[in-house]
Amino acid sequence: MKTWLTGAFLCVTMLATAHEMKTPPSRVAENQVEKQATGGDLVVAPLEGEFWWGGMTALGSKMPYASDTRLWNLERQNENNQIVPLLLSSKGRYIYSERPFRYQFRNDTLFVHSNFEPLKVTQAGKTLRDAYLDASSKYFPPTGTVPEEIFFSKPQYNTWIELMYNQNQADIEDYAKHVLENGFPTGIFMIDDNWQRYYGNYDFRREKFDDPKGMIDRLHRDGFKLMLWICPYVSGDSQEARFMASKGYLVKEKGKNKPAMLEWWNGWSVCVDLTNPEAFAYMKQQLVNTQQRYGVDGFKFDAGDVMYMCGDNLEFYDKSADAATFSQKWAELGLSFPYNEYRASFKMGGQPLVQRLGDKRYSWEAVSMLIPDMIAAGLLGHAYTCPDMIGGGMWSDFKDIDSDKFDQELIVRSCQTHAFMPMMQFSVAPWRILDKKHLDICRKYARFHEEMGTYLLETAKQSSQTGEPMVRHMAYMFPGQGFETCKDQFMIGEKYLVAPMVSKGYTRTVKLPVGKWRDEEGKVYKGGRTVTIQVPIERLPYFERLK
């Protein structure tokens with residue numbers, strides 16, 4: 001096999017410059033990745049009017065890909081989100097591999113290279129939907145099961161923005177109390193990083209939690225489910241690390257019979273080698289023990305990023321494994337826990353795993369990325385995805401709020417966009433940052449999501465049988481009608497076209513496909529045209545497809 005861009009991809013181990021970041025930087029610096037491609041194992045000339053999607057969920061806002069792009073390497077980059085070695089064309093073509101590949105568009109030509117296997121273009125039909133369904137049925141078929149039903153009808157409440165690394169019983173119970181007092185639906189409570197004594201240990205910090213089981217019992221009585229943040233890393237100087245090292249359960253330095261110290265966003269740690277079946281079973285049992293001890297419902301499985309596991313000096317139990325294999329094994333662990341969530345994983349399309357978009361800033365640009373990124377997740381086989389945290393996932397954006405400058409409209413529009421997605425997640429407490437008017441609107445749409453739960457669950461169950469995304473690109477549903485570059489509206493299942501405000505303002509255009517459509521106010525439209533609508537802050541525009 002010929003060498004392609006030898007040495008162009010050095011392992012990226014960028015740590016957060018501020019300690020606030022619990023997830024890796026969402027974008028790798030431009031100058032750290034080679035931008036020029038000179039060839040490849042597979043060179044795909046464009047068809048007339050052809051557009052491409054795929055590879056990385058986090059690149060959704062860049063899809064369909066432009067004629068000239070950076071070079072992306074799924075072996076070493078995941079851009080803070082899920083990766084799948086799959087590229088899909090609006091003309092019914094696709095490229096799939098079981099192992100990671102590199103890809104780039106130059107002058108409309110697609111270059112793809114694999115270090116592992118020959119690549120080919122499959123012609124599955126004439127549309128994006130044809131390409132996706134053929135790839136899904138052959139390589140990541142649906143399992144017929146969905147995550148726990150509550151994910152599709154109730155909000156999630158994640159404690160990261162409010163508590164960051166100060167996870168503690170008093171403030172968690174206070175957050176839950178305010179959910180109820182402010183009339184928001186109960187749902188799934190996610191206690192984030194630093195609830196535990198240290199990494200690799202699954203006991204609550206007693207100086208922060210004097211009665212963790214009592215806390216969880218009370219949350220259950222109030223109608224909440226409870227999930228805990230975990231990662232595959234283990235504090236190096238701990239009894240757990242020493243035990244796992246003695247058993248060969250840790251990722252090792254290449255050629256040396258000792259654990260490797262890995263640098264990730266929380267410093268340096270050793271890491272459980274999940275390619276070792278015994279280590280996999282050991283970690284699963286630790287989580288089961290935690291469930292039995294405290295009554296925990298499930299886990300938020302974080303830090304499965306390939307970018308921290310791609311060093312050439314690492315050695316896995318499975319000698320054929322690499323960073324992508326590790327990421328996949330981390331995701332497979334979640335299949336044993338119906339309450340699960342992932343931000344980073346490799347492949348695993350069609351499985352009953354809850355995925356989430358990577359942490360985004362509090363900005364209108366970030367709000368505008370929610371729809372295309374969610375579409376990208378669906379086209380990579382992840383039907384059951386949550387669109388990040390409402391308003392953004394960076395705690396410093398909400399730390400010292402200047403009420404005169406804080407844009408409450410942005411929070412409301414983010415909430416409305418979440419409301420018709422498969423799932424919605426709060427982290428910053430809306431009652432802390434919003435006035436009564438804007439808080440009432442957020443409550444309204446949290447309740448709306450609850451009301452739509454039956455339809456969302458029905459759509460999820462259909463996806464579990466057909467493999468189709470829940471959130472669908474307009475071109476996926478309506479090929480040949482000029483929707484390929486549409487990024488601000490989407491279909492949720494077969495029935496509803498959703499067109500939220502994803503930029504500041506109160507007016508937008510909506511392009512309606514051929515047919516008849518009825519908006520949420522009862523007005524009927526003839527499709528095949530673009531309409532301009534008024535969108536006051538209280539409104540989330542959506543259109544029901546009429547037969």
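Guide: Start with the largest pocket. Its lining divides into eight nonpolar, two polar and nine charged residues. Nonpolar here means Ala, Val, Leu, Ile, Met, Phe, Trp, Tyr, Cys and Pro; charged means Asp, Glu, Lys and Arg; the others, Gly among them, are polar. This is a predicted model, where local features need pLDDT of at least 70, side-chain atom pairs count only at pLDDT 80 or more, and totals for chains, interfaces and linings use all residues. Residues are numbered from 1 along each chain as its sequence is written, and side-chain values use heavy atoms, with hydrogens and water left out.

Visitor: What makes a residue part of the lining of a pocket?

Guide: A lining residue has an atom within 4 Å of a point on a 1 Å grid over the protein atoms alone. A pocket is an open set of such points, with protein on both sides within 12 Å along at least five of seven lines. The largest pocket has 19 lining residues, and G311, L314, F316, A321 and D322 lie nearest its centre. Strand 17 (314-315) and helix 7 (323-333) each supply at least two of the lining residues. The space in this pocket is about 360 Å³, a volume filled by probe spheres set on the points, which are joined across faces, edges and corners.

Visitor: Why is a space called a cavity?

Guide: Because a 1.4 Å probe fits there but cannot get out. Four cavities of 30 Å³ or more are present.

Visitor: Is C386 called buried or exposed, and why?

Guide: Buried means under 20% relative accessible area, exposed over 50%, and partly exposed in between (1.4 Å probe, protein chains only). C386 has 0%, so C386 is buried. C415, at 1%, counts as buried too. Y496 has 11%, so Y496 is also buried. Y496 sits in strand 24 (residues 496-498). Its C-alpha is 4.8 Å from that of E544, 48 residues apart in sequence.

Visitor: What puts the buried residues of helix 5 on the same side?

Guide: The buried residues of helix 5 (residues 239-247) are E240, A241 and M244. They cover an arc of only 95 degrees around the axis, so they share a side of helix 5. The arc is that of the directions from the helix axis to the C-beta atoms. Q239 and S246 are exposed on the other side. Helices (H or I, at least four residues) and strands (E, at least two) are DSSP runs, numbered from the N terminus.

Visitor: How do you know that strand 1 and strand 7 pair?

Guide: Two strands pair if DSSP finds at least two bridges between them. Three bridges join strand 1 to strand 7 (residues 109-114), so the pair qualifies; the two run antiparallel. V44 has L110 of strand 7 as its bridge partner. The open sheet has four strands in the order 1-7-6-3, with antiparallel pairing. Strand 1 (42-44) and strand 3 (72-73) each have a single partner strand, so one side of each lacks a neighbour in the sheet.
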